[in-house]
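Please open the structure in your viewer and keep the selection panel handy. We will walk through it stop by stop, with something to select each time.

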Amino acid sequence: MATFNEKKTCNQRMEEFKRFVWNPDTKELMGRKPKDWVLIILYYAAFYVVMCLLFALALFVLLYTTNPYVPTYQDRLKTPGVTIRPQPKELKISFNVSDPKSWKWYANRLQDFLSAYNESVQAKTNRNCTSGNYTFQGGQGPNSKYSCQFIREMLKNCSGLEDPTFGYKTGQPCVLIRMNRIINFLPGEGTIPNVTCGHAYPENIGNLAFYPENGTFDLSYFPYYGRQPQPNYTNPLVAVKFLSLKKNKELEIECKINGPGIINTNPYEKYEGRVIFHLDIKK
């Protein structure tokens, strides 16, 4: 007949555990002799010391051969991406002229964004530069390069100074065009790039006004040298004001940066050298 194993008591289990931890008969600690444990500990100690030394060596070689101020490889877009301000979800600006609550968010975001472009702020951190030419600078190290002033007054009717609503109150909204930063990028290959905006049916967007004049990005703001050498750098902007946009109709607007060497027709990168957004003004 089959027999059942007798159930062990708690004291028996504790005794077995104590014997496992230290067996006085075989002189074993947790199933191994002390000599074996010493050899295991020495092996793993040597293993982790070697691993730490290899990691330290790799880190040293990386830091020694890498310039902390200029990327070794720049595999991003050769032409900068383009964004707009205000920057709503899905790049859709929609509001009702007669409803201040619907457009105040856009005006407030523009005021917040342009606070860094106040003349008092720019005068403290950046310099006046000669326009029309690239601003090449030598030297390396943190805060080794100065940045050129871009003050919001240059945006004139889209500066938010005379009209704090940026035209949203009257159905003539301002949109700021901004190029993303690429280290050592020289837009236009010596020619000043400019912004143009269009629609499949030009009559739907009507007349436009660009600020600064002709919607240009002056060359003096380039090249950008990086966050550490140029911590106070502020991107140049172009403002476009829609003076007679067709109301009660959602319109897809495409704004492009134009200039030699600037790609803005790549069908696979709709934000390379251009930006596409929607405007829907109700009245």
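Is the disulfide between Cys197 and Cys255 left-handed or right-handed? Select both residues and look along the bond: the torsion about S-S is about 105 degrees, so this disulfide is right-handed.

Before going on, two notes on the model. This is a predicted model, in which local features need pLDDT of at least 70 and side-chain atom pairs count only at pLDDT 80 or more, while totals for chains, interfaces and linings use all residues. Residues are numbered from 1 along each chain as its sequence is written, and side-chain values use heavy atoms, with hydrogens and water left out.

**Stop 1: the disulfides**

Stay with Cys197 and Cys255, whose sulfur atoms are joined at an S to S distance of 2.0 Å. A disulfide here is a pair of cysteine sulfur atoms within 2.5 Å. Cys197 lies in strand 6 (residues 194–198) and Cys255 in strand 9 (residues 251–258), so the pair ties together parts that are 58 residues apart in sequence. Helices (H or I, at least four residues) and strands (E, at least two) are DSSP runs, numbered from the N terminus. Both cysteines, Cys197 and Cys255, are buried. Buried means under 20% relative accessible area, exposed over 50%, and partly exposed in between, with a 1.4 Å probe and protein chains only.

How many disulfides does the structure hold? There are 3, and with bonded cysteines counted along the chain they follow the pattern 1-2, 3-4, 5-6.

Next, select Cys129 and Cys148, which are joined with an S to S distance of 2.0 Å. The torsion about their S-S bond is about -90 degrees, so this disulfide is left-handed. Cys129 counts as partly exposed at 25% relative accessibility, whereas Cys148 is buried at 5%.

Then move to Cys158 and Cys174, with sulfur atoms 2.1 Å apart. Their S-S torsion is about -80 degrees, so this disulfide is left-handed. Cys158 sits in the loop between helix 4 and strand 5 and Cys174 in strand 5 itself, so the pair ties together parts that are 16 residues apart in sequence. The relative accessibility of Cys158 is 0%, which counts as buried, and Cys174 is buried with 0% too.

For contrast, colour two further cysteines: Cys10 is exposed at 58% relative accessible area, and Cys52 counts as exposed at 51%.

**Stop 2**

Two strands pair if DSSP finds at least two bridges between them.

Contact means heavy atoms within 4.5 Å.

Zoom in on strand 5: 6 of its 6 residues are buried, so strand 5 is largely enclosed by the rest of the structure. In a regular strand the side chains alternate between the two faces of the sheet. Show side chains here and you will find Cys174, Leu176 and Arg178 pointing one way, with Val175, Ile177 and Met179 pointing the other.

Walk across the pairings from here:

- Strand 3 and strand 5 pair over 4 bridges, and Arg85 stands opposite Leu176.
- Strand 5 and strand 8 are joined by 5 bridges, and Ile177 stands opposite Val238.
- Strand 7 and strand 8 (residues 237–242) pair over 4 bridges, with Ala239 as the bridge partner of Tyr211.

**Stop 3**

Select Asn214, in the loop between strand 7 and strand 8. Is Asn214 buried or exposed? Asn214 is exposed, with a relative accessible area of 56%. Leaving out residues up to four places away in sequence, Asn214 touches Asn194 and Val195. Draw a C-alpha to C-alpha distance from Asn214 to Pro229: they are 15 residues apart in sequence and 31 Å apart in space.
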